[in-house]
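I opened this entry to keep a record of what I looked up in the model. The notes follow the order in which I checked things.

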Amino acid sequence: MTTRTWIRRLFARKPRTICKAPSRTRTRLGIEDLEARTLPTGSWTALTNLAPDTSGTMLLLADGTVMMHDNDNFFGTVVNRDRWYRLTPDASGSYVNGTWSQLASMSTQRLFFASNVLPDGRVFVLGGEYSGPQGQQNWTNTGEIYNPVSNTWTNIANFPRSQFGDDPTQVLPDGRVLAGYLSAPNTYIYNPWTDSWSATGSKLRGDRSDEETWLKLPDDSVLSYDVFTEGGGTGHAQRYVPSSGTWVDAGNVPTFLSGGQAFGFELGGAVRLPDGRVWYIGANSHTAFYAPSTNTWVAGPNIPNNGSGQFQGADDAPAAIMPNGKVLLAVDHPLFNGPTNVYEFDPGTNGFTNVTPSIPGLDLRRDAALSTMLVLPTGQVLFNAGGNRLAVYTPDGSASAAWKPNITGITANTDGSFTLNGTQLNGISQGASFGDDAEMDSNYPIVQLTDASNHVYYARTYDWSSTGVATGAAPESTQFKPPAGLGAVSVRVIANGIASDPFTFNLAAGWVDDDLSAPGGGPHAAAGPAGYVTPDGTARVVYKAADGDVHELFLIPGQSWHDGDLSAQGGGPQAASAPFGYVTPDGTARVVYQAVDGDVHELFLIPGQSWFDDDLSALGSGPQAASAPFGYVTPDGTARVVYMAVDGDVHELYLLSGGGGSPGGGGGAGRSGMGDGAGGSGANSAVLDRPPSANVPSATARPFAASADQESLPVRAPAVATTARRAALIDRVWSDPADLLVTDAWIDVLVWNERR
């Protein structure tokens with residue numbers, strides 16, 4: 001670079017090494033006495049166990065543990081800037097009583113770098129302002145990805161420019177990472193699946209991303225305040241739009257937030273408030289609110305002076321939005337002059353409350369840039385000041401019901417994992433914010449499991465369907481892998497410390513193979529997907545597809561492959577709609593479905609004989625030979641398939657959903673005559689609760705009473721106006737063949753009444 005460029009960069013950069021030297025902080029020991037305070041809002045609690053080393057960037061991993069960087073910023077010899085540690089909560093879910101363990105080290109020692117948790121649960125780090133030999137300032141362009149499952153780091157392709165340093169990054173909706181550039185308006189995107197970089201839109205007004213705070217909005221755009229283009233009495237802002245790959249104007253800010261050269265071109269954190277506004281915290285004591293709906297800014301309240309009458313600002317300092325909607329923020333006297341003070345800001349009143357902790361070992365004599373915050377699944381904020389003593393702040397109040405995530409369902413996958421569906425799984429904000437580097441967002445689902453003994457576990461989540469914020473009623477999902485050995489649990493999904501209502505689920509549920517021909521055999525665990533061979537030699541497999549439905553895949557000899565969606569009406573191997581199954585008292589397993597021709601059929605296997613297909617809609621047709629096997633869906637939503645295995649026994653294969661009905665019970669399919677009782681209302685419900693058919697007039701699809709004629713044969717009452725009043729036997733089910741409303745309707749309704 002030219003000499004002039006080098007001078008300009010040095011002039012614009014913050015002198016962190018000089019400002020953070022121990023000699024500077026020692027001159028500030030007498031500024032403020034950290035006496036005991038009575039906190040009017042939340043409360044502070046020190047962690048029981050000291051961290052193994054100094055503390056820096058903190059990230060919430062997808063399994064609920066905390067990953068913390070050892071920044072080694074206070075000692076003359078740099079030895080630990082490649083180290084990471086894990087904080088694991090105890091059996092009750094307490095982080096205060098959690099334990100520390102060491103993780104694998106990075107290949108490069110880094111200080112002040114970008115960091116993100118990716119949608120697959122891996123951790124992305126890029127750059128480092130002080131990452132040269134012996135920790136020199138070099139703004140490196142290297143990066144690494146950490147895999148929590150294997151506890152390994154992998155080097156990634158270098159950032160496209162020669163330097164990256166401590167510029168901001170954001171995870172985009174598709175899981176790629178947007179990255180700024182410290183010397184020019186260019187921005188770039190990293191693809192973690194192809195390990196490649198690509199250029200995207202350049203920022204407006206020639207603004208570079210150095211020292212800027214980026215924030216994600218509900219429309220997935222990324223908001224940025226322009227630190228280096230303040231002028232004319234106002235500041236400027238812009239947004240990155242992922243769908244177009246462009247930066248667009250986001251209005252003028254009525255007050256400077258950086259303060260330019262006098263304040264080191266610095267900036268504090270930014271948070272999205274529950275009312276939809278964004279609050280930016282300035283380095284020069286000013287703050288500002290942004291309204292995305294109108295793309296306008298208004299000035300916010302100034303940060304209070306400290307106890308010595310000096311104004312305070314957030315020159316690279318953390319902030320966190322708490323579950324109660326208030327903001328916790330750390331400030332100091334710019335530029336990088338301790339002590340650090342911590343305030344709670346109430347956006348409803350624009351009021352600040354000093355909540356600076358007085359905890360032995362938590363040294364706040366230094367500047368706020370050495371402290372970081374992280375929103376925990378408990379709703380507390382984990383706070384460090386650079387040393388090995390950490391504390392949590394427990395806010396008062398609780399989250400509004402409208403801010404909570406919501407679980408709509410959980411289904412088991414064939415690999416031992418589960419799919420959780422719901423809404424607002426990513427929360428209404430990103431959680432914590434620092435400024436340019438140290439992205440400590442937590443806008444992703446954390447799955448908490450509590451067993452009957454009130455032991456708390458966290459499942460590892462991955463493959464989040466969304467990386468956004470405030471997604472409202474839009475359906476979202478995540479995969480999660482629970483610890484082994486858990487059964488019935490209370491499930492909560494948590495985003496930024498706000499938990500959903502509990503959802504009861506049995507994690508022990510899985511693929512079940514029930515031998516219907518073996519008296520007392522009952523359901524047995526089975527591998528899924530499950531394959532079998534029918535008596536005619538057709539190989540079939542039942543599996544769960546990506547959409548959550550249970551499918552059956554098979555090849556009809558001489559024809560082609562078929563994929564029957566057993567979970568969907570109108571699906572199944574027989575292309576039937578509204579199927580349902582039951583077992584007759586003589587042990588015959590049956591299924592009723594509507595075929596593609598619109599007729600209602602009953603498919604069954606007479607023990608010792610063969611498969612039959614009875615067209616109930618065709619008067620007098622009687623049972624016909626049929627192919628096997630067949631599939632259906634029980635009233636509780638369980639997709640099942642009945643088939644005869646190679647050993648000659650009739651089996652039923654299905655995926656047992658957590659909390660669902662059990663075979664032979666009121667919510668199951670019923671197994672009368674199979675050695676486990678009559679099945680009770682299980683079989684009855686399977687018939688009575690079948691979905692109505694679109695091909696059958698609704699007026700005919702209803703139960704009716706039956707009475708006996710002179711030959712003691714059941715007929716419909718009242719009698720129909722016809723001379724043909726004799727009842728006919730159709731598949732051993734009595735009905736009146738002269739009553740078209742009966743013969744054209746769902747015969748299963750009559751079947752259920754007669755068999756009751």
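**Entry 1: a strand pair.** I started with Val 117, which stands opposite Val 123 in S7. I note that the model is a predicted one. Strand S7 covers residues 123-126, and I find four bridges joining S7 to S6, the two running antiparallel.

I then looked at the sheet around this pair. It is an open sheet of four strands, ordered S6-S7-S8-S9, and the pairing is antiparallel. Its edge strands are S6 (114-117) and S9 (152-155), each of which pairs on one side only. With direction ignored, neighbouring strands here are turned by 20 degrees against each other on average.

**Entry 2: another four-stranded sheet.** I looked up Ala 46 and found that its bridge partner in S28 is Ala 391. S28 takes in residues 390-394, and S1 pairs with S28 over four bridges in the antiparallel sense.

The sheet that holds them is open, has four strands in the order S1-S28-S27-S26, and is paired antiparallel. Strand S1 (43-46) and strand S26 (372-375) are at the edges with a single partner strand each, so one side of each has no neighbour in the sheet. From one strand to the next, the twist averages 25 degrees.

**Entry 3: Ser 101.** I placed Ser 101 in strand S5, which is residues 99-102. Is Ser 101 buried, exposed or partly exposed? Its relative accessibility is 33%, so I file Ser 101 as partly exposed, since that class lies between the cut-offs of 20% and 50%.

Leaving aside neighbours within four places in sequence, I list Tyr 85 and Arg 86 as the contacts of Ser 101. I also checked Ser 101 against Ala 51, which is 50 residues away along the chain; their C-alpha atoms are separated by 9.0 Å.

**Entry 4: the largest pocket.** I noted a volume of about 280 Å³ for the largest pocket.

Which strands each supply at least two residues of the lining? They are strand S4 (84-88) and strand S33 (456-462). S33 gives the largest share of the lining, four residues. Sorted by class, the lining has eight nonpolar, six charged and four polar residues.

**Entry 5: Thr 423.** I found Thr 423 in strand S30, residues 418-423. Its relative accessibility is 18%, so I file Thr 423 as buried, because the cut-off for that class is under 20%.

Not counting residues up to four places away in sequence, Thr 423 touches Pro 405 and Asn 406, and also Gly 472, Ala 473, Ala 474, Pro 475 and Glu 476.

**Entry 6: the whole chain.** The chain has 55 strands and six helices. Of its 756 residues, 58% are buried, and Thr 423 is filed in that class. Among the contacts in the chain with a separation of 6 or more, 53% are between residues 24 or more positions apart.

Methods. Residues numbered from 1 in each chain as written. Predicted model: local features only at pLDDT ≥ 70, side-chain atom pairs only at ≥ 80, totals over all residues. Heavy atoms only, no water. Buried < 20%, exposed > 50% of the residue type's maximum accessible area, 1.4 Å probe, protein only. Contact = heavy atoms within 4.5 Å. Pairing = 2+ DSSP bridges. Axes fitted to C-alpha atoms, helices over the stretch in contact; angles between N-to-C directions. 1 Å grid on protein atoms, 1.4 Å probe; cavity = no way out; pocket = protein on both sides within 12 Å on 5 of 7 lines; lining within 4 Å. Points joined across faces, edges and corners; volume = space filled by probe spheres on them. Nonpolar A, V, L, I, M, F, W, Y, C, P; charged D, E, K, R; others polar.
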